[in-house]
Amino acid sequence: MENNAVLFTVAGSHVQLCGTAIASLCMHLPANAGLKILVMQSDILMNDIYWLKAIPKNFARPNVSVDVWEKPQVMAQVHLTHQNERFPSVTLWRLFAPYIYQNYDKLLYLDNDVLICDNVLPLFDMLPENKIMGVVNDFQSFINVGFPEKSVWSEVDNFAQYFNSGVLLIDPKRYTDAYSETTMVEAVNSASYTFLDQTLLNRLITDRVAYLPLQYNYQKDDEWLAGFAKQRNPQQAAKISVARKHVVIRHFVFTRPFSLPWEHGYIQDEFERDFWQTFYKVKMQ
């Protein structure tokens with residue numbers, strides 16, 4: 001039996017999103033399923049650490065546990081040449097987590113701004129033995145397939161291959177065998193991408209990833225799909241529409257101003273409804 005874990009990284013007030021994501025994860029696991037959830041954190045309250053650790057029990061998942069860790073110590077060696085307020089240094093922790101958690105067969109890294117809509121355990125079986133990481137195409141890049149490369153973002157070399165780093169299925173041993181921690185620190189310190197962790201991973205390991213179905217990192221809302229996406233590339237939009245019918249992980253990424261559930265008052269779709277219902281349950285547990 002494999003020894004697998006789910007990983008989150010969180011700093012500050014985003015702990016509320018992390019707790020909501022963990023609750024949605026627990027709600028969709030089989031009642032007796034066993035799973036380790038790892039949370040790397042910085043600048044969160046001790047009471048919030050207790051709150052995170054109590055979530056599996058409060059959602060009747062006795063064989064699920066949450067371990068809370070400090071951020072990677074190697075971050076003291078990271079000195080960014082390009083700092084982006086939208087993507088603070090916490091986004092880089094995922095790059096160094098495999099060196100810390102080498103005792104796990106697979107790590108499922110999840111951004112905090114996700115909502116789990118179905119059981120994720122089958123995902124652990126989707127990484128071929130010869131691949132380092134399982135990934136999902138970045139939707140904004142995916143919809144530009146067929147257009148001239150680098151015509152939208154200069155750092156995206158291949159629209160068909162560029163993946164989103166919000167959901168990563170990682171083989172820690174293959175990852176650490178392929179790239180030493182020193183190599184990764186040097187790569188981070190010398191890079192100047194807008195989407196730093198994401199583009200860096202794309203540049204390093206595109207030829208050693210397995211592409212997972214789009215529903216395992218479903219990134220956009222219906223307004224984007226019915227409007228921009230279908231006008232831009234109907235063929236690619238149709239593929240996203242198929243994934244829309246059975247979303248497993250809904251990833252709330254920026255689409256336009258005030259598009260995220262916590263940025264507006266109305267309920268846009270069932271994913272936002274489920275997000276707020278889960279948020280309420282985990283806050284009031």
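Modeller: Strand 4 (residues 106–110) and strand 7 (residues 163–170) pair in the antiparallel sense, over 4 bridges. Strands pair here if DSSP finds at least two bridges between them. Helices (H or I, at least four residues) and strands (E, at least two) are DSSP runs, numbered from the N terminus.

Colleague: What kind of model is it, and how are residues numbered?

Modeller: It is a predicted model, where local features need pLDDT of at least 70 and side-chain atom pairs count only at pLDDT 80 or more, while totals for chains, interfaces and linings use all residues. Residues are numbered from 1 along each chain as its sequence is written, and side-chain values use heavy atoms, with hydrogens and water left out.

Colleague: Back to that pair. Which residue stands opposite Leu107?

Modeller: Ile170, in strand 7. Ile170 is also the bridge partner of Met133.

Colleague: And what is the strand order of the open sheet?

Modeller: The order is 3-2-1-4-7-6-8, with mixed pairing across 7 strands. Strand 3 (64–70) and strand 8 (209–211) stand at the edges with a single partner strand each, so one side of each has no neighbour in the sheet. On average, neighbouring strands are turned by 30° against each other, direction ignored. Angles run from 0 to 180 degrees between N-to-C directions, and axes are lines fitted to C-alpha atoms, for helices over the stretch in contact.

Colleague: In which sense do strand 1 and strand 2 pair, parallel or antiparallel?

Modeller: Parallel, over 7 bridges. Val6 stands opposite Ile37 of strand 2 there. The chain goes from strand 1 through helix 1 (residues 15–27) to strand 2, in a right-handed β-α-β crossover. Right-handed means that, with the strands pointing away from the viewer, the path from the first strand over the helix to the second runs clockwise.

Colleague: What about strand 2 and strand 3?

Modeller: They run parallel, joined by 7 bridges. Gln41 stands opposite Glu70 in strand 3. With helix 2 (residues 46–58), these two strands make a right-handed β-α-β unit.

Colleague: How many residues of strand 2 are buried?

Modeller: 7 of its 8, so mostly covered. Buried means under 20% relative accessible area, exposed over 50%, partly exposed in between (1.4 Å probe, protein chains only). Strand 6 is mostly covered too, with 5 of its 5 residues buried.

Colleague: How does strand 6 pair with strand 7 and strand 8?

Modeller: With strand 7 the pairing is antiparallel, over 4 bridges. With strand 8 it is parallel, over 3 bridges. Val135 has Tyr211 of strand 8 as its bridge partner.

Colleague: Which strands does helix 3 lie across?

Modeller: Helix 3 (residues 93–100) lies across strand 1 (4–11), strand 2 (35–42), strand 3, strand 4 and strand 7. Its angle to strand 2 is about 125°. Helix 7 (residues 196–205) packs on the sheet too, touching strand 6 (133–137), strand 7 and strand 8, and makes about 65° with strand 7. Contact means heavy atoms within 4.5 Å.

Colleague: New topic. How do helix 8 and helix 9 cross?

Modeller: Their axes come within 7 Å and cross at roughly 155°. Helix 8 and helix 9 are therefore roughly antiparallel. The cut-offs: under 35 degrees is roughly parallel, over 145 roughly antiparallel, 65 to 115 roughly perpendicular and the rest oblique. Residues making the contact include Trp224 and Leu225 of helix 8 and Ala237 and Ile240 of helix 9.

Colleague: Which residues of helix 8 are buried?

Modeller: In helix 8 (residues 222–232), Trp224, Leu225, Gly227 and Ala229. Their cover includes helix 4 (139–142) and helix 9 (234–244).

Colleague: What sits at the start of helix 8?

Modeller: A side-chain oxygen of Asp221 reaches to within 3.3 Å of the backbone nitrogen of Glu223.

Methods: Polar contact = N/O pair within 3.5 Å; in protein donor to acceptor, adjacent residues only side chain to side chain.
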